[in-house]
Amino acid sequence: MFQRDASIVLLGVRGCGKTSLAIIAQASLGLQHIDADDAFHKETGVSALHFRKQFGAEESRTRWLSFLAKLLSTYSKNCVIVWPKDYIEEAGLSLLKQYGKDHPVILVQRETTAIEKYLQLPEPNKIERIMKFMIPTYRSCSNYEYFNLDETEALTLTGHSAEDIFHADRAPRSLRLKRVEESFLRLVKNIMEPDLLPDQDSGRPPIPQSRATYTYLLTTSVAQISLEDFNMRWLDCGADAIQLEIESEMEDAQSSPMLIKEQISRAFAAVTRTFSGPVIYHLRPASAKPPGSFRSLYLDLLDHGFRLGVDFVTVQLGLTVQVLKELIKLSRGTRLIGDYHDSTPSENGWTSLDRRNILTKAVNLGFDGIRLTQPALSSSDNREAASFAVSANRGRNSRPFVIAYNTGPLGRTSRCFNEILTPVTTEELRSHLSNAVGERNLLSEITIQQSQSSIYASFVYDPMKYYIIGLDVSYTYSPVVHNAAHEFFGMPHRLHIRSMSTLDELSTLTSDENFGGLTMAQGFKMTLLSRMSAVSIHARNIGAINTVLPIRAAFDYTKPAPQEFWANRNRAGPVLAFYGDNLDWVGITRCIKQNLSPANVITPTSTALVIGAGGMARAAIYALLNLGVQHIVIYNRTYMHARTLADHFSEKGFYINPLSKRDIRVLDSLEADWYDDLAPPIAVVSCIPAPKTYESPQDQFLLPLQWMKSPTGGVVIDTNYRALITPLLRQVRSQAQRGWVAVDGLESLVEQASAQFEVFTCRKLPRNLMRIAALQHYLNSNKEDAEVCQYIESQLRRMQSKS
């Protein structure tokens, strides 16, 4: 892996998006943007083309070589360098290849049709001929690849209608680059920072970052994703990681390795645009045994996985030790899972010496994870697989994690109770693949729902009761989201509503052995804090809680909750004490990160505005500080409440970011001018309650125009979901062409509920499906409001198309 300050070089054909990616890296990572062509023009006084015409080809080659050597040396740290257009001189590329030993050199690719459209080329297929020559050349001197998936194509893959794509094309360019930013920064993070995942003493796997005892691996293939009717939204199913399989394509690749690599790159790009969790690159040899030659296609395609900067690559443990050692050297720091499937096991497969030898071989080679499988020959194989996994993982820290389960119809029991990355599918994927190829891969023949149902039916987990409490929670939509998720996963849990004026009746709820947790609306977020035996660092900093969990096994309450605490989620028993957390800030953080365009990347000068001074405003300020916003302005109708809140975060000595400053101010009226020494806000979070029925529209909050002068717009989040279309959101949507993005209260609720659901159950919530459930419920409850119905129906059409 590379030092974090190592400069990055981007190269590729014209129109592939190098400059846009460089601007993203400059804004998001604080790197200096160096365009080689511009730098050459600045040094010589003429463009590269004019220099060649004026001094001849030989002098041009000599000058370019010395210039590039100087450029790479001068800007070797904290820069993103765009390689000169069409420069493929052998001496210069050799220089770049040498540079790549200590620096990431990323080949940027893009669909030929997108490049032709961007460059407006009159001759069809010209760019395809150019790429056929230049891509292998660029690939030879680069060490990573990024496929710049065209946003129109990405929207098609995720099931958006032609109307959605039309409006997306008309949206500001900065907004269209949002998902490009996320996927490109994911690559940079993987190759620049060798291990951001903390080691856990509990022995849980380093992937995914989950507190769950049971984690799931959704399997799909490049071939399936490449089918025209595939919908990337099917991947939003609550899985912890995705396995991208390459199998039958290997035979096609022998005639055109470049095309199959492009197909793999495109599929990986589509997955990372949709799925934020780890992706495992799994190459399945066409034959039963992997090829033995180091220069085989199998190893060539493995290397392609390393070049993509994927999170994990599986490697066949049937290869020789020598070949495996070579692969580990070539892995570029990619984490490796040693994979071994015994297709013809003996009767004592799991207890055989051969199986132990395979495990020992993988451990000694230093794999991050090891996966051993075989078809079950009898029900006893399932018990032996579980025993093997327990024994293999006993006494280890986080690495290597060992996965052991059985395949085939008899092996379904083994997979239902396997703890680490059980391979699963969904009904949509199963139906789609069945229609496409007529047969399912036996490795993926169970769903998350089947596994979860088996766990509860076997009394490993228990039905739990959750509650949302507050002074008046009759209006809340939280049960809609939580209970829809419970039903989706097949969990026998239920979230109930309890309005209460005092906390006297709380003990009745919490004394139940099946009590699972509380979520709080207005009224008790600060009062309950003093009743907690343990609280998260976030709740302590914010000074309020919105989530309560039961403690059923005591631990040192002055330290973070251990893994055993989280392992007791979904399990009934006597309640000893309570753990408090605040997840409002997580929901707000997610909304800002997902909707703040690359043009408004957070920098030391960025400013945000918070409306309100209650518990939600506390969470909003904390979210903004954690995102790196140093300048925050508060407005509240009662000035002193805002002043008290500003003082809390200005003076409190809690740890957020040791390098960041905190400049928190208060505006005393809506007529006040914005601060002259602050940039206009790029993020606004409205935390004021729903308007009262007697309030007229002119009494409801609107942003003063003098506070909306950001030249690149920003994001406005209205946390109120009782009125889905507020005057504030209407105002913001009217400014969409200026770059302003409006986030309604239901989106904010789903993000907060998602974080809460994950804490309650240790399962990742499929947010797209849950937002659909919330919108549908809101629509059914507000059919008389034509404006709301039109808005929700358009949202549902967009989210449900092709679903």
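Hi everyone, this is a short walk through one predicted model, from its overall make-up down to a few single residues.

First, some housekeeping. Residues are numbered from 1 along each chain as its sequence is written, and side-chain values use heavy atoms, with hydrogens and water left out. As the model is predicted, local features need a pLDDT of at least 70 and side-chain atom pairs count only at pLDDT 80 or more, while totals for chains, interfaces and linings use all residues.

Let's start with confidence. pLDDT is the predictor's confidence in each residue, from 0 to 100. The protein chain has a mean pLDDT of 87, and 87% of its residues reach 70 or more. Confidence is highest in strand E20 (residues 607–611), at a mean of 98, and lowest in helix H9 (residues 162–170), at 42. Around there, residues 158–173 have pLDDT below 50, and this stretch has 29 contacts in the model beyond near neighbours in sequence; a contact here means heavy atoms within 4.5 Å. Residues 195–209 also stay under 50, and for them the model has 39 contacts beyond four places in sequence. Where pLDDT is low, the predicted coordinates should not be read in detail.

Now the overall make-up. The protein chain holds 32 helices and 25 strands. These are DSSP runs, numbered from the N terminus: helices are H or I with at least four residues, strands are E with at least two. Of the 803 residues, 56% are buried. Buried means under 20% relative accessible area, exposed over 50%, and partly exposed in between, with a 1.4 Å probe and protein chains only. Among contacts between residues at least 6 apart in sequence, 76% join residues at least 24 apart.

On to the cores. A nonpolar core is a set of buried Ala, Val, Leu, Ile, Met, Phe, Trp, Tyr and Cys residues joined through side-chain atoms within 4.5 Å. The largest one has 92 residues, and Val315, Phe367, Leu746 and Ile792 have the most contacts inside it. Helix H14 (residues 257–274) gives the most to this core, with 7 residues. A second, separate core has 52 residues, including Ala534, Ala617, Ala620 and Ile621.

Strands count as paired if DSSP finds at least two bridges between them. E9 runs parallel to strand E8 (residues 279–283), joined by 2 bridges, and parallel to strand E10 (residues 335–341), joined by 5 bridges. Val313 in E9 stands opposite Tyr281, and its bridge partner in E10 is Leu336.

His304 lies in helix H15 (residues 297–307). Is His304 buried or exposed? His304 counts as buried because its relative accessible area is 1%. Beyond residues up to four places away, His304 touches Arg139, Glu145, Lys261, Ile264, Ser265 and Tyr281. A polar atom of the His304 side chain lies 3.2 Å from the backbone oxygen of Lys261.

Next, a sheet. Five strands form an open sheet in the order E2-E3-E1-E4-E5, with parallel pairing. Its edge strands, each pairing on one side only, are E2 (32–35) and E5 (144–147). Strand E4 (residues 105–109) and E5 pair in the parallel sense over 4 bridges, and Gln109 stands opposite Phe147 in E5.

Last stop: helix H6 (residues 112–119). Which of its residues are buried? They are Thr112, Ala114, Ile115 and Glu116. Helix H7 (126–140) is among the elements that cover them. After H6 comes Gln120, with a positive phi near 55°. In H7 we find Arg129, which is partly exposed, with a relative accessible area of 47%. The C-alpha atoms of Arg129 and Thr112 are separated by 9.9 Å, and the two residues are 17 apart along the chain.

Notes. Polar contact = N/O pair within 3.5 Å; in protein donor to acceptor, adjacent residues only side chain to side chain.
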